[in-house]
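Let's take a friendly walk through one protein model. Have the sequence and the 3D view ready, and follow along helix by helix.

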Amino acid sequence: MAFLTIKEKELEGKCTFKFDRVSDEKYNSQDKNGNDVGGFSTIYMGLLQSDIKALPQFWDCALSHLSSKEKPSLTEIDKALEARIEDEEEGLEKLFKEAFKTIDQSGFFKLTVKNFWKNLNMVEGMGGTDEEKEQNEKYLTMLKEAREELTA
């Protein structure tokens with residue numbers, strides 16, 4: 001589980017319907033063809049690729065289960081993340097692992113994660129040229145290795 005201390009209070013990040021809804025409302029992105037990717041996929045891929053923007057996005061959604069009075073602002077989330085990055089050895093890596101594991105191993109997103117990897121595995125062997133096929137396979141291998149590192 002992922003925890004973040006804000007205003008001397010330890011808050012637990014949770015994967016809930018509210019997480020899913022907020023992720024789509026605030027963090028949906030589009031692919032190169034203009035199709036919606038979805039907020040979950042945007043955050044999940046961001047964490048998988050160690051994109052620093054994904055950490056506050058994750059926490060914004062993971063703390064959405066709190067009441068509006070209890071839920072910290074993005075500025076408060078940023079400050080709490082920065083404090084952990086600066087204060088802990090391997091703080092950034094630990095933050096990514098906690099956030100990723102919370103999503104990847106959650107019962108709530110279990111089927112979503114399963115389908116994500118199933119769809120991603122379809123990329124293997126795809127491409128118009130041998131070079132494109134090779135690039136796709138390298139990309140898939142890189143993502144699988146990143147997942148192994150983040151869940152270790």
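A residue counts as buried under 20% relative accessible area, exposed over 50%, and partly exposed in between (1.4 Å probe, protein chains only). This is a predicted model, in which local features need pLDDT of at least 70 and side-chain atom pairs count only at pLDDT 80 or more, while totals for chains, interfaces and linings use all residues. Residues are numbered from 1 along each chain as its sequence is written, and side-chain values use heavy atoms, with hydrogens and water left out.

- Q57 is buried, with a relative accessible area of 17%, and it lies in helix α3 (residues 54-62).
- Helices here are DSSP runs (H or I, at least four residues), numbered from the N terminus.
- Leaving aside residues up to four places away in sequence, Q57 touches Y27, T42 and I43; contact means heavy atoms within 4.5 Å.
- I85, in helix α4 (residues 74-87), is partly exposed, at a relative accessible area of 30%.

**Helix α6**

- The 12 residues of α6 (residues 110-121) should span 16 Å at 1.5 Å a residue, and the end C-alpha atoms are 17 Å apart, which agrees.
- That expected span is 1.5 Å times one less than the number of residues.
- Buried in α6 are V113, F116, W117 and L120.
- Seen down the axis of α6, its buried residues fall within an arc of 90°, so they line one face of the helix; the arc is that of the directions from the helix axis to the C-beta atoms.
- These buried residues pack against α2 (39-48), α5 (91-104) and α7 (130-151).
- The face turned away from the buried side of α6 carries the exposed residues L111, K114 and K118.

Definitions and conventions: Helices (H or I, at least four residues) and strands (E, at least two) are DSSP runs, numbered from the N terminus.
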